[in-house]
Amino acid sequence: MTAPSAVDPQSDPILPLTLHGPEVSYFTGKLEAIIRYLELPYRRVAGGPVEMAGPTGVAQVPGLELADGRWLTDSTPIIAWLDERYPDAAVIPRDPVLSFLSRLLEDYADEWLWRPAMHYRWDYVEGAEHMSRVLIDEAGRHIPLPGFVKRHLIRTRQRTLFTKGDGVSAATWDHVERIYLDSLAQLGAIFAKRPYLLGDRPSLADFGFFGPMFRHFAMDPPSARIMRETAPAVFEWVARMWNARRSRTGGDLLGEVPDDWGPILDAIGSAYLPYLCANAEAWKTGQSRFDVDIEGAPYRQIRTARYRVWCLEELRRHFDALDAPDRDRLRPLLEAHGCWEPLWRVKEPASGVDPERRVPFAGGASMTGVASSAAKKFYWRPAVSGRRGA
Ligand SMILES: N[C@@H](CCC(=O)N[C@@H](CS)C(=O)NCC(=O)O)C(=O)O
């Protein structure tokens, strides 16, 4: 039997919600999907990262404004908070081992699929032309420059921060794309057997993968073509997720870790966690950039992200919070997929992010590693009004 909702959505003073973020944003799409699934009344308004720095403390989107005047930031702790507030939706699996592994998959999709998502969007002319127009139309109309200059500037900014400036080179290009292609194969194998990652309804791991798959891979021309042609079941799942509503998308979650999560866990063990370790070591030794070889691919001078040091700490915190029998169940699984050793490799990462555990109600750190103080140099503001077609 499911527990009753902690708060009745009919009379909840946080509703309706206002979701701030561009239509094409990875994490805004992720959060919007869960709000839709929970059937919470909301509206999305265009907003750029720099507008969020004031109310949330972090220059990132989405920002979530509650009807009682409070603001939240960071989709991961926001989802955990919503799950506590509306527990009968049980978005995070209640089995402790499945809950931990779902968080691990969410973290992987959030952080490790980011680079390929930015790559397909900004490193191909076709995608970059289209997306710079969409972004400038939505959030850059006020900038007093000709449209073609603004579009050029945003393409350069995105490549500088997120692709060429974050390790995408001729030497890593294929590896970066392989991450996407493998994800399509891994998800396709799952959706051949059931409609969502963990059963007959969406759960945390689905919302994690939905961020990159929906607003980037399924939408940007080069990656979308690959998805349509090689992984139609993933394409179909993207639409299924967008249309999922808890009142009509019934069904149960599996009680055991499915075998077909194995290849994703293997990738977490061989690529994502070693990257997190190298990032944490760089943070500890005060390097703003670092080199790391991942599965033989030489990533050079990639940005040290304090936020991702915190991601590693958060994974450890969730593991430590488990009861001993659950830790005993989980550890062999993590070992079998190469995830155990790198989870603990770095001694005391000490990110210093959120020591008082105030996130999502106060900003911790930005995932992109761009400080709020530098934001104004890089960021755009949303258009106040105006027609499309800057
Ligand atoms: N961990 C954050 C990440 C948010 C994030 O990085 N959002 C991107 C856009 S999808 C952003 O604001 N980037 C700022 C930039 O472009 O500099 C979350 O889950 O909400």
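Where is the place of Asp8 relative to β1? Asp8 lies in the segment before β1 (17–20), where helices (H or I, at least four residues) and strands (E, at least two) are DSSP runs numbered from the N terminus. The structure is a predicted model, in which local features need pLDDT of at least 70, side-chain atom pairs count only at pLDDT 80 or more, and totals for chains, interfaces and linings use all residues. Residues are numbered from 1 along each chain as its sequence is written. Asp8 counts as exposed because it has 9 C-beta neighbours inside 10 Å; a residue is buried if 20 or more other C-beta atoms lie within 10 Å of its own, exposed if 12 or fewer, and partly exposed in between, with C-beta atoms placed from the backbone. Between Asp8 and Thr56 there are 48 residues in sequence and 26 Å in space, C-alpha to C-alpha.

Strands of a sheet pair through backbone hydrogen bonds, either parallel or antiparallel. Here, four strands form an open sheet in the order β2-β1-β3-β4, with mixed pairing; two strands pair if DSSP finds at least two bridges between them. The edge strands, β2 and β4 (71–73), each pair on one side only. Strand β1 runs parallel to β2 (residues 42–45), to which four bridges join it, and Leu17 stands opposite Tyr42 in β2. From β1 the chain passes through helix α1 (residues 26–38) to β2 in a right-handed β-α-β crossover, that is, with the strands pointing away from the viewer, the path from the first strand over the helix to the second runs clockwise.

Strand β1 is also joined to β3 (residues 63–65), by three bridges in an antiparallel arrangement, with His20 opposite Gly63. Three bridges likewise join β3 to β4, which run antiparallel, and the bridge partner of Gly63 in β4 is Thr73. Helix α2 (residues 49–56) lies across β1, β3 and β4, at about 120 degrees to β4. Axes are lines fitted to C-alpha atoms, for helices over the stretch in contact, and angles run from 0 to 180 degrees between N-to-C directions.

Helix α5 (residues 114–122) packs against helix α8 (residues 173–191) at an angle of about 105 degrees, with their axes 9 Å apart. The two helices α5 and α8 are therefore roughly perpendicular to each other; angles under 35 degrees count as roughly parallel, over 145 as roughly antiparallel, 65 to 115 as roughly perpendicular and the rest as oblique. The contact (C-beta atoms, placed from the backbone, within 7 Å) involves Arg115, Pro116, His119 and Tyr120 of α5 and Val176, Glu177, Ile179 and Tyr180 of α8.

Definitions and conventions. Two residues are in contact if their C-beta atoms, placed from the backbone, lie within 7 Å.
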